[in-house]
Amino acid sequence: MWRLVMLTEECKHVKKVCSGSYWRLLERTLSFNRISTLSAFATFVIVITARPNLSKMWIELGPIPLCLSFSSYYILHCVMGSEACPTWESQIMRQLNGLDHGSALAHSFYNGYLRIILPARGDYAKGLAQRIKDYMKEAKINEDDFPVQKLIVLIPSSGNVFPLLSDEPSQACADPPVQYAEGLQDQLRSRAGIKERVYRGAAYRIKVRRNGKISFLYTIAEGATTVLTLRESCLTGTPEAEHLRKHKADIVANFYRALQKLIDADREIKHLVDLLYYDDEDPTQPDVLSLLTDHLLQASYKKYKNY
């Protein structure tokens, strides 16, 4: 009964956690550990072979022995961890109020990266907005061709981020639509014992069709290195790797939600970054380059409409 309640509750998260697959959700919810499986099998065999008459036992033994036996069964159930399954663990993570692994990764990425590279500090290091303006001036790019003057952070549910956007499988053609267009001016900040650590933003040029004509849109985009590191951790042979693999989608989804919440609450940087979360494990969903292109075209259309 408890598993059915969990299954019902988890249905609203099936898209982010199981790529929309209810079968995978069913597997996650109805999986049992080995001890619980053996115990349930033994109980089933006893019930089938002995066929106890509970009403007769209630009359002969009285309520106290039966209640004690049920209490013992409940204690045994808790000791064996019979309620544990990936779905139960996912719900526990969402109840930790920011102490789960995904939220911790979000705070690390937010404070250890975004808060460093995005805002202007008033020192020699420029903020992202000014660095984009300098790049556009130097490359002679007009405002219409750079519709989203923000950092676009790509967050795939699998954590699989290619070294460059031009390395994506959809780019394997004679005339790839996405090209690396050099980077922004390096940002140097001394941090954690390293003098003038280099922070660099990547600019891309994307071929699009607008108003029946081929043109180029420019963007600053990069994958969230935090989820890439998570994926790499899942592929190791450490004792924790298997558990991380089971909950990778949960962790990435929690990372996205927590990071978006942090950004929305920060007036200084929320206009400087967009998060693009997508399910790259579902073959029916568009790939990252299609999503990125649509994001830029929608922004270009809104800007044109406001003129």
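**Surroundings of Y199 and other local features**

Beyond its neighbours within four places in sequence, Y199 is in contact (heavy atoms within 4.5 Å) with Y113, I116, I117, R131, D186, Q187, R189 and R191. The model is a predicted one, in which local features need pLDDT of at least 70 and side-chain atom pairs count only at pLDDT 80 or more, while totals for chains, interfaces and linings use all residues. Residues are numbered from 1 along each chain as its sequence is written, and side-chain values use heavy atoms, with hydrogens and water left out.

Y199 belongs to strand β4, residues 194-199; strands are DSSP runs of E with at least two residues, helices are runs of H or I with at least four, and both are numbered from the N terminus. Y199 counts as buried because its relative accessibility is 9%, where buried means under 20% relative accessible area, exposed over 50% and partly exposed in between, with a 1.4 Å probe and protein chains only. Q187, one of its contacts, lies 12 residues from Y199 in sequence, with the two C-alpha atoms 5.0 Å apart.

Strand β4 also holds E196, which has a positive phi near 50° without being glycine. At 39% relative accessibility, E196 is partly exposed. K140, also not a glycine, has a positive phi of about 60°. K140 sits in the loop between α9 (128-139) and β1 (151-156) and is exposed, at 77% relative accessibility. For context, most residues other than glycine have a negative phi.

Turning to helix α12 (residues 248-264), its 17 residues reach 24 Å from first to last C-alpha, close to the 24 Å expected at 1.5 Å a residue; the expected span is 1.5 Å times one less than the number of residues. Helix α12 is mostly covered, with 13 of its 17 residues buried.
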